[in-house]
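Colleague: I have a new model open and would like to go through it with you. Can you put it up and take my questions as they come?

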Amino acid sequence: MTDLLTLTDLVVDIPHRRGTLRAIDGVSLSIARGEVLGLVGESGAGKSMIGNAVIGLLARPAHVAGGEIWLGDRRIDRLAPHQMRQLRGRRIGMIFQDPQTSLNPLMRIGDQLVETIRLHRPMPAASARTEAIRLLDEVGIPAPEERMAYWPHQFSGGQRQRIVIALALAGEPELIIADEPTTALDVSVQAQIIRLLKRLCADRGVAVMLITHDMGVIAETADRVCVLYAGRVAETGPVTEVLSRPRHPYTVGLMDAIPSLDPARGEPGVATLRQIPGAMPSIAARPSGCAFHPRCASATPDCARVRPDPRPAGRSEVACPVCAPTHEDAAS
Amino acid sequence: MTRVTRALDSDLMYSFRRTPGAMIAAALSCALILGAVLAPVIAPHDPFDPSGLSILDNFLPPAWDAAGDPRFLLGTDDQGRDLLSAMLYGLRVSLAVGFASVIFALILGVTLGLIAGYAGGWADNLIMRAADIQMTFPAILIALLLAGIFRGTAAQGASGAGPLALLVFSIGLSFWVQYARTVRGSVLIEANREYVLAARLIGISAPAILIRHILPNVMGPVLVIATINLALAIIIEATLSFLGVGVPPGSPSLGTLIRVGNDYLFSGEWWITLFPGAVLGVLALSVNLFGDWLRDALNPRLG
Amino acid sequence: MKHSTPTTTVAPVLSVEGLSRDFNIPVPFLRRLVPGRPRPVFRAVTDVSFEIPRGQTYALVGESGSGKSTIARMVVGLTRPTAGVVRIAGHDLFAPDARDTRQAMRRRIQMVFQDPQASLNPRWRVEAIVGEPIRAFGLASGRALAARVAGHLETVGLSAADARKYPHEFSGGQRQRIAIARALASEPEFIVCDEPTSALDVSVQAQVLNLLRTLQSDLGLTYLFISHDLAVVRHMAQRVGVLQRGILVEEADTKTFFAGPKAEYSQMLLSAVPKIRKGTDE
């Protein structure tokens, strides 16, 4: 399996008037072609910042201050703005949370598609139009030929997100960064969009970085998952492994805290949820050592001093020296 | 942390200290305001004391000119008044009229904006249509019109603070629309926020919600407009005074001084117009620059 | 109970009968002048009836536009129904003669909103926010008021010293705790929770849900719980009502509902919820 996107030791800094805040602190991950990597974390974990770093759209003054980003055999974290612009849309497609703001409200969706297609792949207008209709059909818009002349406001939220996906596909990208693509949608629509993303990924062999806070979406969509906590990777592994056998105390706590429809999780209306005490630390006040140690039940004095790096545990990699070995023993 | 150290430590102060233009503008505005406030103390002469005036001293050029008199640093006007002192007192009048009309416009506009935004319906329609109509005329035209009307109706026996109040009223009335529109827009947003619903839920009355909950949250943009309008109000006052419908001749403002000087500009007495004109320009520019900075600093999307 | 008769048991804390609400659809000004055309209306809620016994949680579930928030606002008296009756402990909330008893009723109803960012006035200190209902209902003043505020803050897991701070100094979960403290301040018996955790992170959501549960059992509170999240509803409620385009399509005890919903729409909703653990598929 060749990795399409590789991040090694990515560091994102935000200069601040009283010093520099380290938003992303040494994150390494990779996505293979045809794979969906779920990047999951609560607010303040830095998940969107990683996506923005890859597409070179970090909001100033945040910037990549260390590490490398490779797309195939090309290093892309040092590219000039105009080179990055060529890459975006062409090799990397983007889907954002709110389909409302991703579409130009003053342009018919057909024109938007044709324009985007021809921007990335020079071709005659007529062929671009055929291609646009094909794309709309592919993302599941009924009667695509007729809908080419519609305005964005004439579509429902779910359909609009489908069109945004069609736009992201227009340049035939190898990698799609989807930042909370279903958060603004209703549950029933969310399920359809998840299915669509999975199908496209399989059909086209596109790699997808799926950024979300919703473990349910990860469970339904991703092949592998990367759990972030306070700008670092807490646990990475195959979805089945991480969700059914979480090892890092944060992942364990997170999984227990999610209300579930599973009858095994207690009687309806009776069982109490397990909770993690405290909250994600703000970027400005991250604890030393393992950032999770103040909330962790199994923390040792060492946890406050030593910053753990992810290391293999079963089929996953876990950044916890206290918990990973014991779980590994139990698993094997 | 005390209130003062916290204020000095705020992001606004940080931005202020990092923007030399804003600092210069603020320093100039403060110096001019201070000069106006302290006019009776620092002015070398009392320009309104007839016993101190001598017609023999009229049209003296500035002190550095060969024909100048060291007693009158910036020269004298047609009546032999010390120009520096007259300007300090004129600045007082200009600033007083400017501040008063901005405050008047602010109170009127904010009140109407709050009512329009929160009450909606016919009150909103009435207020906003009146605002629309007024917006089609330039502010100076309205002020001129109102000042003319008031002057005409109140000409007989008007003295003292009366004409000044009328002037403030006319300038203020030409400015309220901007406040009303801004406040109404903010109210429409704030009134649907959940903290207002929480207050309605426990039966807090509409006026109390408007004043205690919504008003503090809409004042930011209002203060920015007020700062920028201050410069405009001072210029309008000067313009009206220049046209002769402004402050009464007994208490000359900068605009009055410029008009007086204008009569002698072509006979070589340039200083009577130039100095008040320069002060007016510097004042309007620095207040305006400060207002621009404030607008940008409070609106992160522009910064 | 003043009006209780020997034959009836204690009135339910909330009872809603035939509740409907129409909204006018905005029409361009000139077209409004055309005579003979009725103003078009949008019926957000149609003939909804349910009741909640004391100490229980009733969940209203629905997707966006289902009318669940409109019902929440009618039940607390913020929006007047087009038709139907809302009774709080047997008293008609919108009765014309209820003006003087309105304030007394208001004290018994409170609401926790979705977005703790927007539900706390950013310019007010926590003590003023939590103290506002106490002052509005004249429950205490001066030192006694400060003591009450401190007490409520401690009840929701904050400290008395937090009273001096401003909302922006707190995290999202803590802000929702402040909002809950404010809801408790008028000593209500009925609280409407409108998506109280949908703006919060998962680990914080569990804290807030558990807090709401603890408060319910400690203070004997009754909840109307509005949510789009069936897993949360399963955890919180004893009874569930499913709303689709303003119509209550199904109503059942939580156990019965999650064992097998009857309405097609409920089944679709339930099947659309992502399943997190797919059992032992190794």
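Colleague: How much of chain B is buried?
Modeller: Of the 303 residues in chain B, 43% are buried. A residue is buried if 20 or more other C-beta atoms lie within 10 Å of its own, exposed if 12 or fewer, and partly exposed in between, with C-beta atoms placed from the backbone. This is a predicted model, where local features need pLDDT of at least 70, side-chain atom pairs count only at pLDDT 80 or more, and totals for chains, interfaces and linings use all residues. Residues are numbered from 1 along each chain as its sequence is written, and chains are lettered from A and ligands numbered from 1 in the order in which they are written.

Colleague: What is the secondary structure of chain B?
Modeller: Chain B has 13 helices and zero strands. Helices (H or I, at least four residues) and strands (E, at least two) are DSSP runs, numbered from the N terminus.

Colleague: And what does the C-alpha trace of chain B span?
Modeller: Along its principal axes, the trace of chain B spans about 75 × 50 × 30 Å. Of the contacts in chain B between residues at least 6 apart in sequence, 69% join residues at least 24 apart. Two residues are in contact if their C-beta atoms, placed from the backbone, lie within 7 Å.

Colleague: At what angle do helix 11 and helix 13 of chain B pack?
Modeller: Helix 11 (residues 206–242) and helix 13 (residues 271–298) of chain B pack at about 165 degrees, and their axes are 9 Å apart. Axes are lines fitted to C-alpha atoms, for helices over the stretch in contact, and angles run from 0 to 180 degrees between N-to-C directions. That angle makes helix 11 of chain B roughly antiparallel to helix 13 of chain B. Angles under 35 degrees count as roughly parallel, over 145 as roughly antiparallel, 65 to 115 as roughly perpendicular and the rest as oblique.

Colleague: Is their crossing left-handed or right-handed?
Modeller: The crossing of helix 11 and helix 13 of chain B is left-handed. A crossing is left-handed if the near helix is turned anticlockwise from the far one by less than a right angle, and right-handed if clockwise.

Colleague: Which residues meet there?
Modeller: On helix 11 of chain B they include Val224(B), Ile228(B) and Ile235(B), and on helix 13 of chain B they include Leu283(B), Val287(B) and Leu294(B). By class, this contact of helix 11 with helix 13 of chain B has 14 nonpolar, four polar and one charged residues. Ala, Val, Leu, Ile, Met, Phe, Trp, Tyr, Cys and Pro count as nonpolar, Asp, Glu, Lys and Arg as charged, and the others, Gly among them, as polar.

Colleague: Over to chain C. How do helix 4 and helix 5 of chain C cross?
Modeller: Their axes come within 9 Å and cross at roughly 115 degrees, with helix 5 of chain C covering residues 142–155. Helix 4 and helix 5 of chain C are therefore roughly perpendicular to each other. The crossing of helix 4 and helix 5 of chain C is right-handed.

Colleague: How many residues does the contact between chain C and chain B take?
Modeller: It takes 19 residues from chain C and 14 residues from chain B. On the chain C side, helix 3 (99–108) and helix 4 (126–136) each supply at least two residues. Helix 4 of chain C has the largest share of that side, three residues.

Colleague: And between chain A and chain C?
Modeller: That contact takes 33 residues from chain A and 36 residues from chain C. Helix 9 of chain A gives the most to the chain A side, with five residues. The residues of that side of chain A divide into 17 nonpolar, eleven polar and five charged.

Colleague: In what order do the strands of the open sheet in chain A run?
Modeller: Eight strands form the sheet in chain A, in the order 6-7-8-3-9-10-12-11, with mixed pairing. Two strands pair if DSSP finds at least two bridges between them. The edge strands are strand 6 (92–95) and strand 11 (311–313) of chain A, each pairing on one side only. Strand 11 and strand 12 (residues 316–318) of chain A pair in the antiparallel sense over three bridges.

Colleague: Is Arg224(A) buried or exposed?
Modeller: Arg224(A) is buried, because 22 other C-beta atoms lie within 10 Å. Arg224(A) sits in strand 9 (residues 224–229) of chain A. Leaving aside neighbours within four places in sequence, Arg224(A) is in contact with residues including Glu35(A), Leu37(A) and Thr236(A).
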